[in-house]
Amino acid sequence: SGKQSLTRLAAFIGGFAVFQVKLAAAYSMADFKSDVTGLYNSAGLKGNSIVFMLTDRQIVDDRMLVYVNDMLSSGYIPDLYGSDDKENIINAIRTEVKQAGQLDSRDNCWDYFINKVRSNLHVVICMSPVGDSFRNRCRKFPAITNCTAIDWFHAWPHDALISVAQRFLSGVEMESAELRENVAHHMAFVHESVGAAAAKYLAHERRAVHTTPKSYLELILLYKKLLKEKTAHLDAVRERLEQGLVKLRSSSEQVTEMQAQLKEEMVVVEEKKKETDALLVQVGQESTVAEEQAELGAIEEEKVSAVQAEVGAFETQCAADLAAAEPAIVKAAEALNSVDKKSLVELKSLQQPPKEVVAVTSAVMYMLARPKTNLKKLDVSWAAAKKAMNSVDQFLVQLQSFDKDNLPLENKDYVRRFTGTPNRPDPTFNYEYMRSKSLAAAGLCEWVCNILTYHDIYLDV
């Protein structure tokens, strides 16, 4: 909500230095006491103007508020200094007390030191009203409310919400500036609607639900994240659809060619039939010859009918094969989506991977081998696989841009040594089995199997 930012701005304008405790895993009350002692010495002895800013997260122990309570109420913290340290402070400030025209007694010197600390040290406590912590602390340590000035941060106005949304959406690619403007207005409307609903909920159920500027910023970031994810998903689906349409168009062209061939053969059949009829008229009584010619014509007609039936069956088979190939492409893409940079880095870091994992990487190496590569001499060892995955981003791009239509048959045969044949697959070369070895290897295994399935159907078509 800007509590800390506004405090830093006010301190800068007033010429004050801002101090905050630096939390660590072993931060304790002794460390806090040391920090407070340093503040007192800087403000009381050196005369530095300091703002001590303390937030909810920095209060690791409620005993810290005991010091803050004493600091706010009187400025005197009983157990902050030992007797020797207190004596050193009195001696250090004695000359300044004399210059101020006061009696340099011990009590006067100490009171002068405390008053100087209270004058130079300003305490700012940045707390959220959400939950019971703030209420309980105010009840236990009354100086938090009795000895402080409370600054309430109100909700951002409607114009501010729109301005912030426009600022964060300025770098998001959209169809038009008008659309970006409408989205910004809608975000402001949603945030204000939630605030109104929270007020009604408080009135009916006596339970408070807070909407803060941070909630609004998280809403904007969530929208940008979802927009990016959905855009990428739609692009991938559109690309798969375009590839399917290309395959359908290719099949349609093949069917058209076969239909043209069929028409040509039908013409030949008609000519043969006419010749047969003329021969029957000419021969007349040579019924035996006529019958033979008629039989020949019938045979030709049966052949043409068989060709026509084959064309229809081929067209139906092409459509069925394309429909069967689509799930394999979708599964291969999903398998690649499951293989991210982190999982590949974990896979690459294995020193002695299981033999099943090495089998998967070897199959991938054969898949990615260029055409006409001497596969007998190709190094598919684990060291070679790690070298290929040296650049994880480049390796992922190589998998995503793999030309599945032009997989060399020789490479495919070598890959089948690991996956097994379609009729007798290797029981260890599948996603479920490989998942227990490595998630990245399981994704690569699923990708290899689905690419081979698609290529088998592609060759049949």
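**Reading helices, strands and salt bridges**

Mentor: The buried residues of α9 are R180, V183, A184, M187, A188, H191 and A198. Buried means under 20% relative accessible area, exposed means over 50%, and partly exposed lies in between, with a 1.4 Å probe and protein chains only. This is a predicted model, in which local features need pLDDT of at least 70 and side-chain atom pairs count only at pLDDT 80 or more, while totals for chains, interfaces and linings use all residues. Residues are numbered from 1 along each chain as its sequence is written, and side-chain values use heavy atoms, with hydrogens and water left out.

Trainee: Why do residues three or four places apart in an α-helix point the same way?
Mentor: An α-helix has 3.6 residues a turn, so residues at that spacing point the same way. What covers the buried residues of α9 includes α8 (158–169) and α10 (213–283).

Trainee: How many residues does helix α9 have, and how far does it reach from its first C-alpha to its last?
Mentor: Helices (H or I, at least four residues) and strands (E, at least two) are DSSP runs, numbered from the N terminus. The expected span of a helix is 1.5 Å times one less than its number of residues. Helix α9 (residues 177–205) has 29 residues and reaches 42 Å, close to the 42 Å expected. After α9 comes R206, with a positive phi near 60 degrees.

Trainee: How should I read the side chains of a strand?
Mentor: In a regular strand the side chains alternate between the two faces of the sheet. In β2, I50, F52 and L54 point one way and V51, M53 and T55 the other way, and all are buried. That is 6 of the 6 residues of β2.

Trainee: Which strands pair with β2?
Mentor: Two strands pair if DSSP finds at least two bridges between them. Strand β1 (residues 17–19) pairs with β2 in the parallel sense over 3 bridges, and F19 has F52 as its bridge partner in β2. From β1 the chain crosses through helix α2 (residues 29–44) to β2, a right-handed β-α-β crossover. A crossover is right-handed if, with the strands pointing away from the viewer, the path from the first strand over the helix to the second runs clockwise. Strand β3 (residues 121–126) also pairs with β2 in the parallel sense, over 6 bridges, and there T55 stands opposite C126.

Trainee: How many salt bridges does a search of the whole structure find?
Mentor: A salt bridge is a side-chain nitrogen of Lys or Arg within 4 Å of a carboxyl oxygen of Asp or Glu. The search finds 10. One of them joins D62 and R137, at 3.5 Å from N to O. D62 lies in the loop between β2 (50–55) and α3 (64–73) and R137 in helix α6 (residues 133–140), so the pair ties together parts that are 75 residues apart in sequence.

Trainee: Is R137 buried or exposed?
Mentor: R137 is buried, with a relative accessible area of 12%, whereas D62 is partly exposed at 31%. D56, D62 and R137 are linked in a network of salt bridges. Contact means heavy atoms within 4.5 Å. Leaving aside neighbours within four places in sequence, R137 is in contact with D56, I59, D62, L65, M127 and I144.
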